[in-house]
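Take a minute to look over the chain before reading on. We'll walk through it together, one spot at a time.

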Amino acid sequence: MIEATAKIERLKFLPFANSDVSLYIFHLPARPEMTLGFSISVLLVYIFGFLFSRMIEIFKVIIEIVYKYLDKIQILKYTIC
């Protein structure tokens with residue numbers, strides 16, 4: 001991945017190109033504009049994006065459960081009255 005990132009500039013935004021932090025310890029970044037701060041920023045964007053997408057799916061499931069529960073309560077109201 002490091003050789004490909006050195007050749008193709010767009011690959012520097014992928015998380016795999018930024019996951020090897022040992023390159024910065026030995027001062028061997030794949031591209032000169034890729035700094036440790038840049039790599040951490042790219043990884044954080046991917047992490048937050050993944051967590052946000054999972055949160056949305058979890059909230060959808062919770063809302064479905066709540067609506068089903070409310071429907072059961074409505075049905076019980078009508079059968080009791």
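Where is the place of Ile62? Ile62 sits in helix α4, and with a relative accessibility of 41% it counts as partly exposed. Here "buried" means under 20% relative accessible area, "exposed" means over 50%, and "partly exposed" is in between, using a 1.4 Å probe and protein chains only.

Before we go further, a few ground rules. This is a predicted model, where local features need pLDDT of at least 70 and side-chain atom pairs count only at pLDDT 80 or more, while totals for chains, interfaces and linings use all residues. Residues are numbered from 1 along each chain as its sequence is written, and side-chain values use heavy atoms, with hydrogens and water left out.

Now zoom out. The chain has 4 helices and 0 strands, which reads along the sequence as α-α-α-α. Helices (H or I, at least four residues) and strands (E, at least two) are DSSP runs, numbered from the N terminus. Of the chain's 81 residues, 16% count as buried. Its accessible surface is about 6,800 Å², and 73% of that belongs to carbon and sulfur atoms; such areas come from the Shrake-Rupley method with a 1.4 Å probe, and for residues only the protein chains shown count as cover.

Ile62 belongs to a nonpolar surface patch, along with residues including Phe52, Phe59, Val66 and Leu70, and the patch has about 1,100 Å² of accessible area together. To join a patch, a residue needs over 30% relative accessible area and no salt bridge; like charges are joined within 9 Å, and nonpolar side chains (Val, Leu, Ile, Met, Phe, Trp, Tyr) within 5 Å. A salt bridge is a side-chain nitrogen of Lys or Arg within 4 Å of a carboxyl oxygen of Asp or Glu.

Next, visit two loops. Lys12 is in the one between α1 (2-7) and α2 (15-18), and Arg31 is in the one between α3 (22-25) and α4 (36-80). Are these two buried or exposed? Lys12 counts as buried because its relative accessibility is 9%, and Arg31 counts as buried because its value is 14%.

What does Lys12 touch? Leaving aside neighbours within four places in sequence, Lys12 is in contact (heavy atoms within 4.5 Å) with residues including Arg31, Glu33, Phe38 and Val42. Arg31, under that same exclusion of neighbours, touches Lys12 as well, and its list also includes Thr5 and Ile8. Glu33 ties into both stories: its side chain makes a polar contact of 3.3 Å with the side chain of Lys12 and one of 2.8 Å with the side chain of Arg31. A polar contact is a pair of N or O atoms within 3.5 Å; within protein, one must be able to donate a hydrogen and the other to accept it, and residues adjacent in sequence count only if both atoms are side-chain atoms.

How many aromatic pairs are there? The count is 1, where rings of Phe, Tyr and Trp (its six-membered ring) pair if their centres lie within 6.5 Å, with planes under 30 degrees apart called stacked, over 60 edge-to-face and the rest tilted. The rings of Phe13 and Phe38 have centres 5.7 Å apart and planes at 65°, so this pair is edge-to-face. Phe13 is in the loop between α1 and α2 and Phe38 in helix α4, 25 residues apart.

Finally, look at His27, in the loop between α3 and α4. Most residues other than glycine have a negative phi. His27 is not a glycine, yet its phi is positive, at about 55°.
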